[in-house]
Amino acid sequence: MNSIWAVHFNSGSCNGCDIEILATLTPRYDVERFGIKLQGSPRHADVLIVTGPVTRQARERLIRTYEQMPDPKFVISVGSCSISGGVFEGCYNCVGSVDDVIPVDVYIPGCPPRPEAIIDGIVQLLTSLKGGQARKQQRPVITEEIPA
């Protein structure tokens, strides 16, 4: 796989991670140089980029979006909230992290992660795919203190 087409899904985030994902598409960071292109439909995407904790309202939509993607499909979990629930952990309307709902291939921690970290995660996925198989990562332990 030389290039990947991605679709972005916001499962209930504060939009901080979404802004950083969009920043990777700007000419300053230019993630398209690695062959990634943002798509509007999951039916045309290879990679699902998910931000935010999974809310009760978004859970079924996330599963439906994941199931609409053709095989082989991969998931990138962006931000502390999508990895562990972040500041929303334990809220009445959150069902948990992304990997509680669908399998995740790459985790990109941060609140929000910088564009360089997002690009690094995408390059890690591309490198592991060129090696023959996707690398299943362990969920990182989030120890960063979120400023008030």
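**Close-up 1. Helix α4 and its length.** At 1.5 Å a residue, the 16 residues of α4 should span 22 Å. In this predicted model, the end C-alpha atoms of α4 are 23 Å apart, which agrees. The buried residues of α4 are P115, I118, I119, G121, I122, L125, L126, S128 and L129. Their cover includes the strands β1, β2 (36-38), β3, β5 and β7 (106-108). Helix α1 is also part of that cover.

**Close-up 2. Helix α1 packs against helix α4.** Two packed helices are described by the angle between their axes and the distance between the axes. Here α1 covers residues 16-24 and α4 covers residues 115-130. Their packing angle is about 70°, and their axes lie 9 Å apart. An angle of 65 to 115 degrees counts as roughly perpendicular, and α1 and α4 are therefore roughly perpendicular to each other. On the α1 side, the contact is made by E20, I21, A23 and T24. On the α4 side, P115, I118 and I119 take part. By class, this contact has five nonpolar residues, one polar and one charged.

Close-up 3. How many of the nine residues of α1 are buried? Seven are, so the helix is mostly covered. The buried residues are G16, C17, D18, E20, I21, A23 and T24. What covers them includes β1 (4-10), β3 (47-51) and β5 (74-78). Helix α4 belongs to this cover too.

Close-up 4. V47, I49 and T51 point one way from β3. L48 and V50 point the other way. Residues on both sides are buried.

**Close-up 5. The strand partners of β3.** β3 pairs with β1 in the parallel sense, over five bridges. In this pairing, V7 stands opposite L48 of β3. β3 also pairs with β5 in the parallel sense, over five bridges. There, V50 has S77 of β5 as its bridge partner.

**Close-up 6. P72 in a loop.** P72 is found in the loop between α2 (56-68) and β5. Is P72 buried or exposed? Its relative accessible area is 51%. The cut-off for exposed is over 50%, so P72 is exposed. P72 and D46 are 26 residues apart in sequence. In space, their C-alpha atoms are 6.8 Å apart.

Definitions and conventions. Residues numbered from 1 in each chain as written. Predicted model: local features only at pLDDT ≥ 70, side-chain atom pairs only at ≥ 80, totals over all residues. Heavy atoms only, no water. Axes fitted to C-alpha atoms, helices over the stretch in contact; angles between N-to-C directions. Helix = DSSP H or I, 4+ residues; strand = E, 2+ residues; numbered from the N terminus. Parallel < 35°, antiparallel > 145°, perpendicular 65-115°, else oblique. Contact = heavy atoms within 4.5 Å. Nonpolar A, V, L, I, M, F, W, Y, C, P; charged D, E, K, R; others polar. Buried < 20%, exposed > 50% of the residue type's maximum accessible area, 1.4 Å probe, protein only. Expected span 1.5 Å × (residues − 1). Pairing = 2+ DSSP bridges.
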